[in-house]
Amino acid sequence: MSVITPEPATMQETPVTQPAAPAATTRSTLRKRLGFLRPAYWLPLAVLLVGLGILWSVTARDSPYLLPPLAAVGEALAANPGFYLANAWATLAVALVGLAIGFVASFVLAVLVSELPVARRAIMPIAVVLSVTPLVAIAPALVVAFGFGPEPKLIVTALICFFPILINVATGLRSVSPAVLQVFTTLHASRLEMLWHVRMPSALPYLFTALRVVFPLSIIGAVVAELSAPGAADGLGTVISVASSNNRLAVVYAAIFCLAIMGSLLLLIITAIEDRVLHWHESRQGAKN
Amino acid sequence: MQKTDPRTVPSTAASTADSISIRGAVKIYGSGAGQHVALQNVDVDIKRGQFVSIIGPSGCGKSTLLRLIAGLEDADAGTAEVFGVTPERACAAKMIGLVPQAPALLPWKNVLGNVSMPAKVNRRADTLRRRIHGHVARPAPDMLDLLNKAGLADAVHKLPAQLSGGMQQRAAIVRAFGVQPDVLLMDEPFSALDEFTRESIQEQLLDIWDEQKTTVVFVTHSVSEAVRLSDRVLVMSARPGRITASVDITLPRPRSQSMLKTAEFHHFEDLIRDHLQTAWQENPMTGSTPIAAGAIR
């Protein structure tokens, strides 16, 4: 870190040479933002992409049932962009609502589990068993139980997001250093005050670690649910299952392409939020200065 | 531990209300062969406004004694009272300011946010405090002014991670002073700092202490630190943990950097070293790494 201020015995000894914090942040962010323009940054990726594209095209030419030609995938997308957008939106909506449900449920439980040892002993074993059970196996059962409406999709998505958040937040809430706890104990801070002022902020880095996993995971949950409900009306998962049974490989890959883009966008969004919220965290300090 | 309500204790309250008093404190960790007597019948009396240091080798129970006063630990026998009330009640009234060995700042709050934090929790403390016998009401300090005095004027809006260890510990001290505590408990707060930083921070601590007139209990393993800061130094010995000597430091105040080189200063340092040595020879630690008294600065 470059901004360790020299030890001043009195205040006069530290001249105000540091630029104001906001200005410094803007400048370094700008430098960071423009970094991708340097060839050293993008060239390796570009070379690899071109290589993979050639490999794909050669394979597609020789055996069109293995991979569709890239042009065909592009045509499928270009011919009917509204179709993909509508279905992508349907999947995204399921993913985000399911994620929200899973988030609220797991966060509440994480607080409960970290505050009450009794709750921890009761809930954690069930949560662990649930987390190792393949969701793909549960999805069809839920479709039977709840039909082709949004319910089974939301439940599957919520379930897949549930465990990473629960385990990370529960760990984060208990990650406060003993010295900090002692200081607040001698101030006689209430449990609620401790939770709000100390434990929850301490859990934020853990929460974001979970969210970075869970945002893309929510799309997986939504697609798995859609694939398990063959009669579902929309969603990219449905598009894939219908198109693959009709041997329309180009459409399948167009839908897969959309899913990949959606997952990446979600990851970008959550990383941007994390950079904002966790600017104080040690993992950010090095990059910032 | 004996629970004392200040409103219902008539005569004894008057005698203990103006001091921190530990009576026959016993603290034992573990059981059987692994048993370790951290405190054996320890009696301590610390008058209001005094700066008292506790010095001794590692494992002599000096931190345990501090934690007892802070209400972070209960004695197995004996009583602890902080100006006439139990440590627990003293905490509820925010009479205790703690400065641990690590600065223990909240990394997401800037310095000002950190030192203002105690005011945001346990808001009922003020009401409780007014009802405690012998309590002297003082106005809440201006935190910016305190930060200024601690040499943190330029660091007010910085995050802890952007500060050096010495600056972080200064912030922790300001945070503890900020609640206007009746007693400031400091557990080897400068042990992780370099000599140079330590001496400058000691000076600032004395400056602020001189203004606030807070009682301070300071745990240290540095003889010169104890002599420079204190009105009285309690020497402790290990296994079992007990107080073996109490030395009044009669050096005049304010104690500047230059006093460290005077003969009187050395006289007190030697006196305390002798006490530590004696305690050591009477009861050398058996079977573990010999931490000679000479290792104590």
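In which sense do β3(B) and β7(B) pair, and over how many bridges? The two strands pair in the parallel sense, over five bridges. This tour concerns a predicted model, in which local features need pLDDT of at least 70 and side-chain atom pairs count only at pLDDT 80 or more, while totals for chains, interfaces and linings use all residues. Residues are numbered from 1 along each chain as its sequence is written, and chains are lettered from A and ligands numbered from 1 in the order in which they are written.

**The sheet of chain B**

Begin by selecting the six strands of the open sheet in chain B, whose order is β5-β6-β7-β3-β8-β9 with mixed pairing. Strands are DSSP runs of E of at least two residues, and helices are runs of H or I of at least four, numbered from the N terminus; two strands pair if DSSP finds at least two bridges between them. At the edges, β5 (96-99) and β9 (242-248) of chain B each pair on one side only. From one strand to the next, the twist averages 20 degrees.

Next, select β7(B). Six of its six residues are buried, that is, each has 20 or more other C-beta atoms within 10 Å of its own, with C-beta atoms placed from the backbone. B:Thr215, B:Val217 and B:Val219 lie on one side, and B:Val216, B:Phe218 and B:Thr220 on the other. In a regular strand the side chains alternate between the two faces of the sheet.

Then show the neighbours of β7(B). Five bridges join this strand to β6(B), and the two run parallel; B:Leu185 has B:Val217 as its bridge partner.

**Two helices of chain A**

Move to α10 (residues 236-245) and α11 (residues 249-277) of chain A, which pack at about 160 degrees with their axes 8 Å apart. Axes are lines fitted to C-alpha atoms, for helices over the stretch in contact, and angles run from 0 to 180 degrees between N-to-C directions. The helices are therefore roughly antiparallel, the term for angles over 145 degrees.

Select the residues that meet: A:Leu236, A:Val239, A:Ile240, A:Ala243 and A:Ser244 in α10(A), with A:Val251, A:Val252, A:Ala255, A:Cys258 and A:Leu259 in α11(A). Residues are in contact if their C-beta atoms, placed from the backbone, lie within 7 Å.

**Between the chains**

Finally, display the contact, which takes 31 residues from chain A and 37 residues from chain B. On the side of chain A, the largest share, seven residues, comes from α8(A).

Conventions: Contact = placed C-beta atoms within 7 Å. Parallel < 35°, antiparallel > 145°, perpendicular 65-115°, else oblique. Buried ≥ 20, exposed ≤ 12 C-beta atoms within 10 Å, placed from the backbone.
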